[in-house]
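Take a look at the model shown here. The report below walks through a handful of its local features, one site at a time.

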Amino acid sequence: MASANQEAAALLREYAELLGLTGGDPFRARNYERAAKSVAGYPADLATLPDKALTTIDGVGPSIAAKIAESRRTGTFQALEELRAKVPPGVGELAKVPGVGPKRALQLVRELGITSTAELAEAIRRGRLRGVAGFGAKTEERILRGVEVAAGDAALRDALRALPDGAGVDEIYAVLAARLPASAAGAGDQDGTAASAAASVLITTEDIRGDLHTHTSLTDGIVPLEGMIAAAEARGYDYYAVTDHAPNLVMQRMTSEKMLAQRDQLRALADTTGMVLLHGTELNIAPDGSVDWDEDFLSGFDICVASVHSSFEQDRATMTKRFLAAVENPAVNIIGHPLTRKVGRRPPVDVDLDALYAACARTGTALEVNASPDRMDLPPEHIAAARRAGVKFAIDTDAHSLVDLTNLRYGVAAARFGGLTTEDVINAWPLPRLQDFLRKGRPRR
Ligand SMILES: [Zn+2]
Ligand SMILES: [Zn+2]
């Protein structure tokens, strides 16, 4: 993508982050975050777009357009500089450490003069955080783990980011193979055949018949329903699922009425596309394992992804119980971004993986291979073990924009690293077989 787009997106993203750090209105911060995504995903070079046409970009109103225009002339904008001046140096870096967050970052800078991740790790080791209000032994442990994740995954994140825009599956695979333990690769798993023969049956991008986890501008996507469908059709898919967020993720302001209206809209578009359109949702797995809506409402969806979006720090026993409850739910078909990790930014949740795999295999619930290069979740190093436990997978982009749909190759590279074939991947199956899987053993409707 053109660098003008990335530069403008980076400034807007920073502004959104600083609004969050300085206690600004979260909805306002979200608007800037959304505009940043939109600008990054804008299909043309921003440098060729005149100032007065900036508002034609989704999510860019007059006020954001003015900031972009200003930054094109000066490299920054006034409002951003004002916020930068308010936040002491180091806060931004510390806030990104998993387990720290903006409030604690400010506290660390002000009370202990810590200004970098390295200083933070050193301070914890020397016991300097003891006695600081709000930092117990458990918090310390979690932050230390966060520092390790930030450091350990940073190399993978940087290597993925360094790939050219059009990088193919082989190039992405090479990065994974170089950064992840070889013992976790599953390419030799197929039926004892030689690795070279096995490589020929590993899943390819062309095998994928549809995307089963995508968003629209009804929630935090940036493109309306029709636009996403047209782009999916251009990719040659047989089927396509729209899975906007469910109401318990309150920032998304979803309601039952909006969801049903979207379903009508989707059904009305059925004749305009050669793809079969599936109406779904991305449910939120609550801390106790329950999900949004009752059984009756849920039965109206063609497909349900369910994901953890909160309470990431539960202990292993509680988290495992939470996941198993979701997996056992007859409405839940796919566990989205299963370990909720973000590469270099958020550690995976602590869950008994063997118990999770066994429950998924037993109930016919797929684990997602989330193809976003920021997530890579289920982490590629776990895929082979899950496959050996009998788990099926969905390779999804979790697209929030048109360009996101092209992230599929990251998921396919991860799947190949884990040794997956078309047998293992539900969205490589013909529609009737997929639909059979989605019934989870219930009788045909
Ligand atoms: Zn999600
Ligand atoms: Zn999603």
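The zinc ion (ligand 1) has three entries in its list of protein donors: E282 (OE), H309 (NE2) and H337 (NE2), at 2.1 to 2.2 Å. Donors are N, O and S atoms within 2.8 Å of the metal (3.2 Å for Na, K and Ca); water is not among the atoms, so sites may look incomplete. Along the chain, the donor residues of the zinc ion (ligand 1) follow the spacing E-x26-H-x27-H. E282 sits in strand β3, and H309 sits in the loop between β4 (303–307) and α14 (316–328), so this pair ties together parts 27 residues apart in sequence. Helices (H or I, at least four residues) and strands (E, at least two) are DSSP runs, numbered from the N terminus.

This is a predicted model: local features need pLDDT of at least 70, side-chain atom pairs count only at pLDDT 80 or more, and totals for chains, interfaces and linings use all residues. Residues are numbered from 1 along each chain as its sequence is written, chains are lettered from A and ligands numbered from 1 in the order in which they are written, and side-chain values use heavy atoms, with hydrogens and water left out.

Which residue bridges the zinc ion (ligand 1) and the zinc ion (ligand 2)? E282 does, and the two ions lie 3.6 Å apart.

**Buried or exposed?**

Buried means under 20% relative accessible area, exposed over 50%, partly exposed in between (1.4 Å probe, protein chains only). The table places some residues on that scale.

| Residue | Relative accessible area | Class |
|---|---|---|
| H213 | 0% | buried |
| E282 | 1% | buried |
| H309 | 21% | partly exposed |
| Q252 | 9% | buried |
| C304 | 2% | buried |
| C360 | 1% | buried |

Helix α17 (residues 408–417) has ten of its ten residues buried, so the rest of the structure largely encloses this helix. Among them are L408, R409, Y410 and F417. After α17 comes G419, with a positive phi near 80°.

**Around Q252**

Q252 lies in the loop between β2 (239–245) and α12 (256–268). Its side chain makes a polar contact of 3.4 Å with the side chain of R30. A polar contact is a pair of N or O atoms within 3.5 Å; within protein, one must be able to donate a hydrogen and the other to accept it, and residues adjacent in sequence count only if both atoms are side-chain atoms. A polar atom of the Q252 side chain also lies 3.2 Å from the backbone nitrogen of D220. Setting aside neighbours within four places in sequence, Q252 is in contact (heavy atoms within 4.5 Å) with R30, L218, T219, D220 and H245.

**Cysteines**

How many disulfides does a search of the whole structure find? It finds zero. A disulfide is a pair of cysteine sulfur atoms within 2.5 Å. For C304, the nearest cysteine sulfur is that of C360, 15 Å away.

**Aromatic pairs**

Rings of Phe, Tyr and Trp (its six-membered ring) pair if their centres lie within 6.5 Å; planes under 30 degrees apart count as stacked, over 60 as edge-to-face and the rest as tilted. The count comes to seven aromatic pairs. One of them joins Y15 and F77, edge-to-face, with 5.3 Å between centres and 70° between planes. Y15 lies in helix α1 (residues 3–21) and F77 in the loop between α3 (62–74) and α4 (78–86), so the pair ties together parts 62 residues apart in sequence. Both Y15 and F77 are buried. W293 and F297 form a stacked pair, at 4.6 Å centre to centre and 25° between the planes. W293 and F297 are buried too. Ring pairs also link Y15, Y32 and F77 into a cluster.
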